[in-house]
Amino acid sequence: MASLKSALAYSNRLLTTLKQTHVVYIKRTLLLYRLPLFKRADGRLIPLGRPSSTTAAGAEKGEDFLKWLLLLIPATTFGLGTWQVKRRQWKLQLIDDLRRLTTAEPIPLPIDPLELNSLEYRRVKVRGRYDHSQELYILPRSPVDPEKEAREAGSLSSSGETGANVITPFHCTDLNITILVNRGYVPRKKIQPQTRMKGQVEDEVEVVGVVRLTELRKPFVPNNDLERNRWHFRDLEAMSSLTEAQPIFIDADFDSTIPGGPIGGQTRVTLRNEHMQYIATWYGLCAATSYMWFAKFIKKIPL
């Protein structure tokens with residue numbers, strides 16, 4: 001009987017001890033979950049709830065880097081706007097130079113190829129006779145209206161009227177050479193020479209025109225069709241070989257127009273000038289992004 005009582009007493013003491021130990025373990029477990037810890041390499045535990053000075057410094061450096069990185073956007077757009085200002089000045093000067101060349105007093109046509117290469121858009125004068133039997137046609141072309149082109153420079157609008165420019169071999173009696181002359185524009189219904197016989201003069205005439213050099217084919221422009229006599233760009237080598245003329249080409253001016261014939265003055269001297277649009281776009285983006293940067297990083301306004 002005594003042994004039984006001793007066993008019961010020992011069991012009660014052991015159960016009490018286990019209960020106390022379990023409560024302490026639960027309390028410690030709850031405390032660990034309530035206070036998250038981070039174990040370092042050296043075995044020490046630090047609470048994650050309290051940010052370290054190293055983490056705060058890293059976040060500050062990251063914000064500073066982003067701040068100066070985003071400042072590149074308004075700086076870059078300002079640079080592009082300034083570049084477009086200079087491009088516009090260059091384009092206006094180029095247009096002015098071309099107009100001066102095409103309105104200057106004409107000079108006798110030089111036959112030295114090296115001299116001709118430096119005289120594009122220069123006005124020259126020649127005297128001789130046309131060979132209408134070897135006409136070439138550059139098409140499609142629309143008539144040139146200098147005033148209208150100056151108003152619509154850079155736009156995609158078109159007059160809607162199409163035809164061709166008539167290129168005719170011209171034998172210069174004073175130089176004893178044959179060159180190519182762009183006599184001017186004819187509408188589609190007047191391309192065939194029999195429809196404009198009044199303008200097919202055989203007499204000797206004087207022509208004032210603008211020197212033009214050979215032209216490279218632009219993207220999406222079809223190749224010239226020599227067999228069908230359909231030309232899409234000015235290829236002096238091919239044209240002169242076909243007509244046995246010198247690779248010298250001039251655009252006859254308006255005053256050289258023969259009544260009933262092609263209309264001269266088809267030299268386009270107005271260049272695309274869209275730089276004001278680009279200037280407004282880039283400077284507008286610069287102003288907008290500068291304000292956003294100032295509000296975000298200086299005023300600390302949430303965006």
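Residues are numbered from 1 along each chain as its sequence is written, and side-chain values use heavy atoms, with hydrogens and water left out. Because the model is predicted, local features need pLDDT of at least 70 and side-chain atom pairs count only at pLDDT 80 or more, whereas totals for chains, interfaces and linings use all residues.

Helices and strands are DSSP runs numbered from the N terminus (helices H or I, at least four residues; strands E, at least two). Helix α3 (residues 72-103) has 32 residues, and its first and last C-alpha atoms are 47 Å apart, close to the expected 46 Å. The expected span is 1.5 Å times one less than the number of residues. Relative accessible area, computed with a 1.4 Å probe and protein chains only, defines residues as buried (under 20%), exposed (over 50%) or partly exposed (in between). The buried residues of α3 are Pro74, Thr77, Gly81, Gln84, Lys91, Ile95, Leu98 and Thr102. In α7 they are His275, Ile279, Cys286, Trp293, Ala295 and Phe297. An α-helix has 3.6 residues a turn, so residues three or four places apart point the same way.

A nonpolar core is a set of buried Ala, Val, Leu, Ile, Met, Phe, Trp, Tyr and Cys residues joined through side-chain atoms within 4.5 Å. The largest such core has 17 residues, and those with the most contacts inside it are Val126, Phe170, Ile179, Val181, Val207 and Ile250. Two or more residues of this core come from each of β4, β6 (163-172), β7 (177-187), β8 and β9 (249-252). A second, separate core of 10 residues includes Leu136, Ile138, Ile167 and Ala238. With neighbours within four places in sequence left aside, the contacts (heavy atoms within 4.5 Å) of Ile179 include Leu109, Val126, Phe170, Ala245 and Ile250.

On the surface, Phe65, Leu66, Leu69, Leu70, Leu72 and Ile73 form a nonpolar patch with about 550 Å² of accessible area together. Helices α2 (53-70) and α3 are the elements that give two or more residues to the patch, and α2 gives the most, with 4 residues. Patches consist of residues with over 30% relative accessible area and no salt bridge, with nonpolar side chains (Val, Leu, Ile, Met, Phe, Trp, Tyr) joined within 5 Å and like charges within 9 Å. A salt bridge is a side-chain nitrogen of Lys or Arg within 4 Å of a carboxyl oxygen of Asp or Glu. Accessible areas come from the Shrake-Rupley method with a 1.4 Å probe. Leu69 lies in α2 and is partly exposed, at 39% relative accessible area.

Most residues other than glycine have a negative phi, and most peptide bonds are trans. Tyr121, not a glycine, has a positive phi of about 75°; Tyr121 lies in the loop between α4 (113-116) and β4 (123-130) and is buried at 16%. Asn229, in the loop between β8 and α6, has a positive phi of about 60°. A cis peptide bond, with omega about -5°, joins Leu139 and Pro140, and Pro140 is in strand β5 (residues 136-141).

Leu213 lies in the loop between β8 (205-212) and α6 (236-243) and is partly exposed, at 22% relative accessibility. Its C-alpha atom is separated by 7.1 Å from that of Asn117, 96 residues apart along the chain.
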